[in-house]
Amino acid sequence: MPSHLALLSCLLVLLLSLDKFLLHYLKKRLFSGPRIPSGTSKSRRPMAAAAKWSETAMLVIDMQKDFVDPAMRSPMLVAGGEAVVPAVAEAVAVARERGIFLVWVVREHDPSGRDVELFRRHHYSGGKGPTVKGLKGAALADGLLIKEGEYKLVKTRFSAFFATHLDSVLKTAGIKNLVIVGVQTPNCIRQTVFDAVALDYEKVTVLIDATAAARPEIHLSNIRDMKNIGVETPTLEEWRR
């Protein structure tokens with residue numbers, strides 16, 4: 001009889017041990033959730049970022065000597081333009097690192113000025129005038145250079161989309177989002193941005209310290225107007241994070 005009691009005691013201890021094990025196992029299965037392998041979420045982030053940047057283009061607008069270099073003594077000089085050249089160059093460098101499609105938007109006019117807005121034609125005579133094709137003033141500002149694989153788009157009006165094939169080029173490249181830098185905010189930047197919104201680009205971003213106008217208050221007033229139609233307006237530092 002004592003031997004039977006000892007055996008029963010052993011069985012009871014074993015059953016209690018099994019109950020504890022099963023309870024621990026069920027708690028772990030039911031409440032801990034699926035286990036994610038270490039580093040999986042981190043590895044997904046670069047892939048998601050790469051996909052996003054492959055659908056993004058940067059438009060570098062009118063960063064030409066006649067617009068940003070005081071030494072040219074151009075009637076089209078944007079007073080705040082020279083100061084943002086380093087920021088534009090840095091934004092371009094970040095875009096290249098991310099694999100963003102770069103579009104260099106420039107003005108190149110006929111020497112006669114016949115393709116310029118009517119109110120500007122008096123600046124053209126004798127084959128000379130602001131951003132005439134082939135002249136020094138039409139060249140990009142010092143430190144800016146179009147590299148192989150990047151796209152140069154010539155426009156003759158404020159908007160980069162007006163009477164150009166820019167929308168077709170971007171859509172063919174699978175571009176859904178735009179980042180815009182350059183000069184000047186109330187004219188070419190604003191008109192291009194409003195057209196981009198009208199053309200249903202999903203996300204339009206203007207880097208506020210890589211764009212400029214004649215005066216800071218004009219710049220900020222136009223930035224506010226663009227922000228009010230859903231345009232994102234980060235600084236270069238905020239955008240590069």
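What follows begins with the aromatic pairs and then turns to a helix and a loop.

This is a predicted model, in which local features need pLDDT of at least 70 and side-chain atom pairs count only at pLDDT 80 or more, while totals for chains, interfaces and linings use all residues. Residues are numbered from 1 along each chain as its sequence is written, and side-chain values use heavy atoms, with hydrogens and water left out.

A pair of aromatic rings is described by the distance of the centres and the angle of the planes. The structure holds 3 aromatic pairs, where rings of Phe, Tyr and Trp (its six-membered ring) pair if their centres lie within 6.5 Å, and planes under 30 degrees apart count as stacked, over 60 as edge-to-face and the rest as tilted. One of them joins W53 and W239 in an edge-to-face arrangement, with 5.9 Å from centre to centre and 75° between the planes. This pair links distant parts of the chain, since W53 belongs to helix 2 (residues 40-54) and W239 to helix 8 (residues 236-240), 186 residues apart; helices (H or I, at least four residues) and strands (E, at least two) are DSSP runs, numbered from the N terminus.

W53 is buried because its relative accessible area is 12%, and W239, at 9%, is buried as well, the term meaning under 20% relative accessible area, with exposed over 50% and partly exposed in between (1.4 Å probe, protein chains only).

Another pair is formed by F161 and Y201, which is tilted, at 5.9 Å centre to centre and 35° between the planes. F161 lies in the loop between strand 3 (151-155) and helix 5 (166-172), and Y201 in the loop between helix 6 (185-198) and strand 5 (203-212), so the pair ties together parts 40 residues apart in sequence. Both F161 and Y201 are buried.

Charges also meet the tryptophan rings. The charged end of K52 sits over the ring of W53, 4.3 Å from its centre, and R98 lies over the face of W239, at 4.7 Å from the ring centre; the criterion is NZ of Lys or CZ of Arg within 6 Å of the ring centre and within 35 degrees of the ring normal.

In helix 7, the buried residues are H219, N222, I223 and M226. They cover an arc of only 105° around the axis, which puts them on the same side of helix 7, the arc being that of the directions from the helix axis to the C-beta atoms. These buried residues pack against helix 6 and strand 5, contact meaning heavy atoms within 4.5 Å.
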